[in-house]
Amino acid sequence: MRKVVVFNNLSIDGYYAGLGGEIDWFIHDPEVDKAAHEMMNPDTVLFGRVTYQMFESYWPHVANNPNAPEGARMMAQELNQMTKVVFSTTLQEVNWENSRLLSGNLAEEVRRLKEGEGPDITIFGSGTIVQQLANEGLIDEYLLVLTPVVIGNGKPLFQDATQMKLELLETRSFSSGIVLLHYRTGKQKSS
């Protein structure tokens, strides 16, 4: 069975984005990117509409941009090649290569994607998808980039999530002040 891995930046006060979706507080650290890459092996990315549109407006153009940092170009090439599954009831089409649009039952679609063997499925951002899948017990691991920034208010990653136990697999700290936390999910507790 394939694993679903959440990869998200979090502020020290627990937000994955500002109230308006701002991520300008992220600290880019190539060492963190490299470490996270070593901890997961995805070939499929799950997106909600907002995160997909943000990624689609930026990453496809970075792969061939000679002025972009080498690490960003490599990341863009990987993202371009990955299967991108976009869950939305409002989008009419998706144009980024290897993307497909689904508007059906999120949990059923993810259960189907998890069947069989193969590389990981990952989720970047997409907090409402994370919360829904967490409540359905469909997330296997979390890679959380704990960023040394307090943003005061924003979108909490686990706002409507059911209580669950996480098992710490690994912790790495970096000179940027970032701490990378790698957890595996345990059994969910009933409320």
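Trainee: In which helix is the place of Asn80?

Mentor: Asn80 has its place in helix 3. Helices (H or I, at least four residues) and strands (E, at least two) are DSSP runs, numbered from the N terminus. This is a predicted model, in which local features need pLDDT of at least 70 and side-chain atom pairs count only at pLDDT 80 or more, while totals for chains, interfaces and linings use all residues. Residues are numbered from 1 along each chain as its sequence is written, and side-chain values use heavy atoms, with hydrogens and water left out.

Trainee: Does Asn80 count as buried or exposed?

Mentor: Buried means under 20% relative accessible area, exposed over 50%, and partly exposed in between (1.4 Å probe, protein chains only). Asn80 has 8% relative accessibility and therefore counts as buried.

Trainee: Which residues does Asn80 touch, not counting residues up to four places away in sequence?

Mentor: Contact means heavy atoms within 4.5 Å. On that basis Asn80 touches Trp59, Pro60, Ala63, Trp96, Glu97 and Asn98.

Trainee: Where does Asn98 lie, and what does its side chain reach?

Mentor: Asn98 lies in the loop between strand 4 (83-87) and strand 5 (99-102). A polar contact is a pair of N or O atoms within 3.5 Å; within protein, one must be able to donate a hydrogen and the other to accept it, and residues adjacent in sequence count only if both atoms are side-chain atoms. Here the side chain of Asn98 reaches the backbone oxygen of Asn80 at 2.8 Å. With a relative accessible area of 40%, Asn98 is partly exposed. Asn98 and Thr83 are 15 residues apart in sequence, yet their C-alpha atoms are 5.1 Å apart in space.

Trainee: Which residues have the most contacts inside the largest nonpolar core?

Mentor: In soluble globular proteins, nonpolar side chains tend to be buried together. A nonpolar core is a set of buried Ala, Val, Leu, Ile, Met, Phe, Trp, Tyr and Cys residues joined through side-chain atoms within 4.5 Å. The largest has 29 residues, and those with the most contacts inside it are Phe47, Trp59, Leu79, Phe124, Leu143 and Leu180. Elements giving two or more residues to this core include helix 1, helix 2 (49-62) and helix 3 (70-81). A second, separate core of 27 residues includes Val4, Tyr16, Val130 and Tyr142.

Trainee: What radius of gyration does the protein chain have?

Mentor: The radius of gyration is taken over C-alpha atoms, and the globule rule is 2.2 Å times the number of residues to the power 0.38. With 191 residues, a compact globule would have a value near 16 Å; the protein chain has 16 Å, which agrees. Its secondary structure comes to five helices and ten strands, and buried residues make up 45% of the 191 residues.
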